Amino acid sequence: MIDVKLDRGWLAAMSTEVSLSGEDLSTKDFPTSASGPWMEAVVPGTVLATLLKNNRIPDPFYGMDNEKVPDIADVGRAYYTMWFCTSFTAPKSEFSSVWLKFRAINYSAQVFVNGSMFSLPGGMFIRRSLDITASVKTEGPNFIAVIVYPPEHPGRVPPEGGQGGDHDIAKDVAAQYVLGWDWMTPIRDRNTGLWDEVTLSFTGPVTITDPHLVTTFYDDFTRSYLQSSAELVNSSPADAQCSIKLHVTLDEPEGEEEFCSVESFSQSEVLIKSGASASVTLPQQFFYKPQLWWPNGMGKQPLYNVELTVEVDGVESDHWSHRIGFRRIDTWIDKTTRGRMFAVNGKPVFIRGGNWILSDGLLRLSEERYNTDVGFHADMNMNMLRVWAGGLAERPPFYRACDERGILVWQEFWVTGDCNGRGVPPSDQNWPADHDLFLRCARDTVKLLRNHPSLAIWVGGNEQIPASDIDQALQSELQLNPQLQQTSGFLDVDVTRFLDGTRAYIQGSLWSGFADGQGGWSDGPYGIQNPESFFAEDYYPYAFNPEIGSVGVPNAATIRATMPPSAWDPPGMQDVGGGYIKDIPNETWDYHKYIPYCDPESKVPSQVITYGTYSDLDDFCEKAQLANYLQYRALIESWNSRMWEKYTGVLIWKNQNPWPGLRGGLYDFLHDQTGGFFGVRSAAEPVHVQLNLATNVVELVNITAEQVDDATVEASVWNLGGERQNQMVSQGLVLPAQKTSKLSEIQLDFTEENQVCFVLLRLLRGDNNLLSRNFYWLHKEGRDYSQLGGEFRAKKVPVQVTASSEQKGGLVFISAVVKNGTETGSVAFFLRFSVLQDTDDKNVDQRVLPVTYSDNYFSLVPGDSLIVQISFKPPAGSTKLPFLVLQGWNVDKIERSLNPVNFRDADKIVPSKAINIHTLGQSHDAFLDVKSSQRTEYEEHRSETQAEPQQKQKIQQNVADFNYRYGLLLNAPVYLSHLINNMLTNTPEFLHEKPLFNKLKRTQERTINRDRSEVSNVQGAEIRSTNAKTGVLWDGKYSSLVGEKG
């Protein structure tokens, strides 16, 4: 079987500029170059992405240029109907069937292959697979032409804007955000296009469809079974005798030696009639103490690769693979707090996460961008993302990234309160018009995503319940399988027969333990707050808040990169009385959905002007980062403070923007982090020390399942002059698992000369092992932070920076040490690293993005130092090295050059011109070309090396040889059991002596990796590794011989 991704070489043209038919375009009049109406297409992508790539429209995300892009409501659906054309050559290897697969299109299409037409009906979230075998030529080029039509009800954006425009888009099964929201500009083509992966599959007569993998657990997770099933489809004119094989290996994390340990192998036989399909359930696979998958902050995320292969008459016909995690997710409503609880592997999870819209409003989605986005959330120590209903059913690359980083996912279907019955009319709960289509899309989405360990829960909609018949169908089809609650004994039923059965379905985001649990408008608030207000007893009355938002202005460099110079003025300052000075944005900032840092109605004075009036854009944005940091740290810490007593979870609205928006967001569209990012990162540490801003009591937070012993807390108070006023040390502390503990109140001594003070908290364990570090700046009640300006800011603190760098695996790693060089001077306040690169054009953004930092926006008391770890992909093809910059509130800018690095294998990173930010979605073409080439070579190798019957005797001999050499003895279970029992009984210390164990394990698993292809073709082989304590391979049938110590 060979899969070929069709993600390069497409041409596109507006349908209004092409008079030829699909039959002509896919035969005699196939376009061969980007000329005339034809242009290079972005696939996967949207019509707007293609037009932008070819400079046919201005960048809709730059400034107010979206107003220059025609809206579909004004120009009609035909304007954004587009032809996409590409060609392919059939492989030389034998195949029986050819499938053209569209993982998603928006909204409907007609497909032509060498003149043959196929119709694809509407629906944005459903896969289509076309059998094009009869149309494919085995010699010469084959031509594909696809005409894609926009949603049938694209809607109109009223002059006043609104949430989802006129709501008409909800009549279709499509993304609703495209009509604009209070955080998003309208998308003029409504995301029309081939927006997800297009693939050609060359297979044998029988194909694998929608495998379902379910893990069950017993005896406190020491024993597990993997149940698996799949639909096999025989598209040939003859009956097929099939052999379906399952092969499980443990993936090693990145950075480890590249090998796999063989975990399980099984085989089943089935006869499938001509033109028929059959649902096949494979024998359950037993695993003793599998490595468990945990959410971020509670453990690691080991992933097992499951491969299914179907052979017909000894020749591979189809192949499928997917990574799984061994874990169980439970959820219920807590009787005490009446809030929803989640548990993974029997351990409660305190949810601290955010709402996810989508990565890019033009759907220029890539695995690399997803990895950055999800990685940022893991870096913030978050453990859940809610995929908001007005956006997408997120794509497999998003879920793969969440699997790898331990981010639980709450996935909603395509219903919002604004568009589906609770918004300003017209808005109807009974939409979409086609309920059957909605359910087909929902079922297909479940089948696409259900094997991902990160997927935690299905939810019917955002702030609304789907239409009653849809909701009832979802409740019925997504009901939990009661058999999975069994905790002991062998489960002698097929749990894979459910559509899912492993996750709960909740009707809507405000029901069943979320917010007030009854559907009331009980989420939010969404604006600036006084930081101490988050800690008030009456701040939020419910246990789980699914949406709470605030401000999100980015750094000044992002404003300059995404707006014209005319918009570089900071907000105006308007005295509205009562001591409140409100920030008034310019027209462009308002278009980008800016919300103020002052809210007189809620009695919140400006959280920017509290540091003094701002002088220019840079000054405003730097002060905004101070406010961002305080806002989001206080939000998370207030939930920490009442963990389980009052609160069970919180999700920030929202963590990021799919365009350069100025409303909410912890990092910007260009992937530069704000102060809020690091405020959350600090507050959401798994083990954390914090200050309750309402009581000044020091609190210790431990969300992990392990108790922390022998802990020490150091709390010190410093004045503006850098003098330590007070210090408290508490030793021998115990932090109980999954609990917040309270220490004593810190004494703050404010004076007229020192109306601002600093508090440094440090949590250590054992021999000065730093677990948490937290720095606060506080002002006297009724005052502000203006004393941080003036002399304090003007008098520069000497800071020392040393940095070393190295390149490894395509990344540059920097270890930077920062020290406040004075023992008697002031605090070095709010310091920030960035990575820059010299450019010849000073109008080009000099930042290298994205960059990860172990800490940023930090402060150092006199004599204090901090190590910051930094990593990024080096710009490829540049003769100028990136350099490291440290700047801060009251320090001089410091630059440090980096060691020369090898750019040869680095992916290309394109600095963002202010008028060219769309290049972000195209910066890794060379990388993707290499990956595509490698995949093609791999598939050709697979097709050439299928094990034929006459080879098996030689393979079996090779397997026996390496089994004998390394003591694996897969074909000698009696001797094996004796060997294992002897090792456990007589030399237990050998198994736990780490150097020897690691040497044995590496030797064995390197051998397995080398001979894996041969082992996988041995009939009936069942190979299984024990847990990481032994590293010994053994036959799964003899698990009982190992006992408790295995």
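Predicted model: local features only at pLDDT ≥ 70, side-chain atom pairs only at ≥ 80, totals over all residues.
1. The crossing in which H10 passes H11 is right-handed.

2. As for the residues that make this helix contact, H10 contributes Gln 625, Asn 628, Tyr 629, Tyr 632, Arg 633, Ile 636, Glu 637 and Asn 640. From H11 the contact involves Gly 675, Gly 676, Phe 678, Gly 679, Val 680, Ser 682 and Ala 683.

3. For the chain as a whole, the model contains 17 helices and 47 strands, and buried residues make up 61% of its 1046 residues. Among the contacts with a separation of 6 or more, 73% are between residues 24 or more positions apart.

4. Aromatic rings deserve a separate point, as a search of the whole structure finds 60 aromatic pairs. One of them joins Trp 410 and Phe 544, whose ring centres are 6.3 Å apart with 50° between the planes, and this pair is tilted. The pair links distant parts of the chain, with Trp 410 in strand S24 (residues 408-412) and Phe 544 in strand S27 (residues 544-549), 134 residues apart. Trp 410 is buried, with a relative accessible area of 0%, and Phe 544 is likewise buried, with a value of 0%.

5. Phe 544 also pairs with Phe 514: the ring centres lie 5.0 Å apart and the planes stand at 75°. Planes over 60 degrees apart count as edge-to-face, so the pair of Phe 514 and Phe 544 belongs to that class. This pair, too, links distant parts of the chain, because Phe 514 lies in the loop between strand S26 (504-506) and S27, whereas Phe 544 is in strand S27 itself, 30 residues away. Phe 514 is buried, with a relative accessible area of 0%.

6. In the second case, the charged end of Arg 560 sits over the ring of Trp 568, at 5.6 Å from its centre.

Definitions and conventions
Residues numbered from 1 in each chain as written. Heavy atoms only, no water. Phe/Tyr/Trp six-rings, centres within 6.5 Å; stacked < 30°, edge-to-face > 60°. Helix = DSSP H or I, 4+ residues; strand = E, 2+ residues; numbered from the N terminus. Buried < 20%, exposed > 50% of the residue type's maximum accessible area, 1.4 Å probe, protein only. Lys NZ or Arg CZ within 6 Å of the ring centre and 35° of its normal. Left-handed = near helix turned anticlockwise from the far one by under 90°. Contact = heavy atoms within 4.5 Å.
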